[in-house]
Each structure stands twice: as structure tokens, then as C-alpha cells.
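Here is a short briefing on one protein model. It covers a strand and its surroundings, then charged side-chain pairs.

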Amino acid sequence: MSASSHTENSDAADWLDLEPDEEQITFVSLFDTETFPNLEELLTHCRTQHAFDLVATVHRLRLEFHDAVKLVNFIRACTGEGKNIPRAISAGDFADDKYLKPVLENDALLFSLDEILSEGPANPETATKGQALSVESRNKELEAKLAELNERFASYRLAVEETLDKRWGDENEAGNLGREKQKESSDYYFESYAYNDIHETMLKDEVRTDAYRDFIYENKQLFQGKVVLDIGCGTGILSMFCAKAGAAQVIAVDKSDIIDKARENVFNNGMAGTITCLRGAIEDVKLPVGQVDIIVSEWMGYCLLYEAMLPSVLYARDKYLRPDGLLVPSSATIWMAPVRDSEYVTDTVSFWRDVYGFDMKAMQECIYDEARILTMPPAAICGSPYPFKVLDLHTVKPEDLFFTAKWESQITRDIDSLDGFLIWFDNFFVNSRADKPPAPETTPEDFVKQKSGYVAFTTGPFGKETHWKQGLLLQPPTQLKGPRPRLTGQVIFSALEENVRALDIQLAWTEEGQQEKARTWKLK
């Protein structure tokens, strides 16, 4: 559970102020601050007051949609800088791709460019026809216009974002065309993140999402005016937290098709001017900046290292993060404890020996070979938990993610056998690069008391359930010789040869004076 303390009222307030205000569609003049309720009046104003015919110019230059976008943004940029536009404007005046980025947030004129492109040059005699309509007919016309604008809003958003992707980083994708022809064995991993259900599960995990939100909002001074990189951005929720906290620029990267939904979420919340969404693996995309101040990522998998996303974060850290930059989160600790749960074993293993009166022991084959992801009750823990690995994300190297570590535990209740071992992790968020990771045995509850702005959470059996749950290494019931003995041994984390995103977990342990026992589990 997130160890940050907030009242329900303050939590609600944080979420409520993320809701966008009801949008009022108004058209802003290209040359001054005058606003208009519809496109026709805007175009008439530009012609009569500023001697500029936008429709005629678009058709004279034979502009397509993206060039028309650049024309509008070019004119707005000149107006904002107090410059006059050329008397006979040409396509070369606005050829720079920087004019693809909107100058005016939620510019209704940009959403209506399809209408201008589909019509011939405007007829001055009919441009003011709306003035003769009755109030009732005008309202109907505006309602229809609003519906059209909402549709064009989505089209414009995707068109511009896709074009920016091509300009900035389809260099991002261009270099990968050859590799795309040979589908990577791990592509199923990215495909799985294209669907809504997995993101719904993660967003509804309050422990997870609240921890990121709390850290970002409680440490707004860290994000104010900074450049932030969000790796594996998913729906864009962390990017939007950062933008709301005052980040000057957020770059959201994801290889999954969910990036299209992230773009839409960003635009619908009025943050397209701050957040740039890029499609691709972080190793392949080309960022529009050379360095970033903060890297935010929710990279954790089952048993922490399943999915092997952390190497991508470390790649970005070494390539893009400033020397004094911050990783969010900053460290993680992996724990393990012995378990004894006769009820679970009966329901899971013994069950197959009597299924409606039939012996199905064949179904027990390989039942102990794979790690199981589930939530175990605290009562199942029968020995002292041990923190066998701490990862300092600011200093850890990719080769350190597959390791051998010592492990030990003191059995804490009277049992005659073990059913297996349980693995979970804690995550910690420090707010200064100079701050060291907590000591291995530090709990999230103790950690957050050390300094204002610290946040932490656990995925273990003694905290609130998370979508990561815990990893159970189930084994055949193993007899213990002594009363409440001490166990010692080692655990090995490594990648599966056939799937680098999967885990191979080996555990060797011994009861004092007894023969060593060992087993391997796969998490795939």
C-alpha cells in the first residue's frame, strides 16, 4: 500500500482537478484577439478588417491538410511576435515543420480546415449569410457545427501527431523496417499492451497509481519547468501527472498500439502542447531532445523483473538522463519468505486425485515447475521474510539484473513441512539524486517517515493487494527435521533462453545439519 498519507478529500480533489472544463468552441482571429462563434464570421473578419482571404490563399497555393495547418500556425506565430506576414504569402514561408505544432491551444480553426479544403474560394457575398438567419436556425447550425468540429478534432489530432512522429522519429521507425520484417519473439509482449483491459487493471490498482500520483504532486518543485521522459507510457497517465505538476515538456514513448490512445487522452485533456507521444522502443526512437531531467516509468513485472523492461529504462538513463537527473521510482527491494498453506495445497494439488470420483493425477505433471502469481494470506507466511536483493536504479547495470543472492529465514511457527516460498517487492521514490536507497530491511511505512515527499509501497502479503500480487514457488511438501529451524541458501534470477522477458528462478536451501534441497521454477 502506498505509504503516503492523504485524506480522502484531498485525494478526491487531486483527481477532480484533472477533469477538463467544459469546452467552449470559439474561433480566434488570425490577426488580433477577436473571437467568433463560427468559421464564416472569422473568415469575413480576416477579409474585411485585415485584407487576408484564408480560403483563397489555401486554394491558390493548392495546399493539402498538413500544409494548411502550417499556414495557420505560421500566421499565428507572426502575429504573436508582432511581425507582418508577406504581402504575397508563398508555401516557402511556412515550410518549416515546426509550424505543425499548434500555436493556439485547441485552435478551432485547425479543426475546420477540412471544410476550407473541400470548398472553393469563399464568396464575399455569401460569407455573411449567417447574419440573416433566425436565432433558432442559428442555434441549430451551431449545434451541427459543434458536432462536425468534434469529429475533426480527432482527425486533426491524429494527423498532426502521426506527421510529427514521421518528422521527429520515424527516423524512429525507418531504421527498424528491416527488423520488422522478422517479427521478434517478444513482440507478443507489446501486443498484449494494446488492449484496454490490462490498462484498466493497472489504473484501478490504487496502490500503484496513487504512489506515482502522490510522488509527482507532492514534489512539484522537481517537475516545474523540467523535461520528463515517460518510458512505456501506456495510456499516458503518468505523463499527464507530470504535465499537471508543471513539467515544461514530457516525452511519452511506447511501442504498443496503446500509444494512439495515449495521444488521444493527451489531446482531450488539453496537454498536447506539453506532451509529445512517440511510437517505438526507447532503444529505437529518436527523441526531440538530447537530455532529460527526469525519467518516469512503471516498468515493474511479476517478481519485479518479469517482462525485462528495466533494461530499457537503464538504456534511457545512460543515454538521456542528465548526470544529476532523477529516476522515478528510484529503488526496489525483493523479498522472500517460506510458506505453509495446507488449504491451498489441497485445493490446487490434491484436487486432481479425486475429481468427481476420478483420479486425474496426470494433471499434476509439471505442477511444481512454474511460478504461480497469486495473493497469499498473511497467515501462510511461516518464517521471517528476507530482503535478498536491492536495486538502486541510479547505479545498477543491466548485467546486475540476473544475479545470485544469499537468502535466509527463521521459521516462526510450529510446522512439520514447507509448501514453498513467496516472492514480492517494495518500491521506493526518493526526491533527490543524492539520497541513497533505503537499507534492505526498511519497510515502506518507515521509509516515508524519513523525509517529506518520500513515497513507497509494497506488493507483499502484509499490504493491500496490487495487480502484481506475489510469486509463489510451490514445491512438494518438504519435511522439516527440527522445531522452528533456521533456513539458509541462495536464489538465482536469470532469463529464459527461449524468452528473454521471462524468468528462471532457482532456489537452493538447507536446514542446519540437513542435506541441501534445490528446485527451479519458470515464470513465463
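The notes below describe a predicted model. It holds 21 salt bridges. Strand β5 (residues 275-279) is mostly covered, with five of its five residues buried.

**Strand β5 and its partner**
- Ile 275, Cys 277 and Arg 279 point one way from β5, Thr 276 and Leu 278 point the other way, and all are buried.
- Strand β4 (residues 249-254) runs parallel to β5, and five bridges join the two.
- Leu 278 in β5 is the bridge partner of Val 253.
- From β4 the chain passes through helix α15 (residues 258-268) to β5, in a right-handed β-α-β crossover.

- Asp 210 and Arg 213 meet in a salt bridge (3.9 Å, N to O).
- Both lie in helix α12 (residues 206-218), three residues apart, about one turn of the helix.
- Asp 210 is buried at 17% relative accessible area, and Arg 213 is buried at 1%.

**Salt bridges between distant parts of the chain**
- Arg 484 and Asp 414 pair at 3.0 Å, N to O.
- Arg 484 sits in the loop between β14 and β15, Asp 414 in the loop between β11 and β12, 70 residues apart.
- Arg 484 is partly exposed at 39%, while Asp 414 is exposed at 63%.
- Lys 522 and Asp 504 form a salt bridge (3.3 Å, N to O).
- Lys 522 is in strand β17 and Asp 504 in strand β16, 18 residues apart.
- Lys 522 is partly exposed at 31%, whereas Asp 504 is buried at 10%.

- Salt bridges with shared partners join Asp 257, Asp 260, Arg 263 and Arg 279 into one network.

Definitions and conventions:
Residues numbered from 1 in each chain as written. Predicted model: local features only at pLDDT ≥ 70, side-chain atom pairs only at ≥ 80, totals over all residues. Heavy atoms only, no water. Buried < 20%, exposed > 50% of the residue type's maximum accessible area, 1.4 Å probe, protein only. Helix = DSSP H or I, 4+ residues; strand = E, 2+ residues; numbered from the N terminus. Pairing = 2+ DSSP bridges. Right-handed = clockwise from strand over helix to strand, strands pointing away. Salt bridge = Lys/Arg side-chain N within 4 Å of Asp/Glu carboxyl O.
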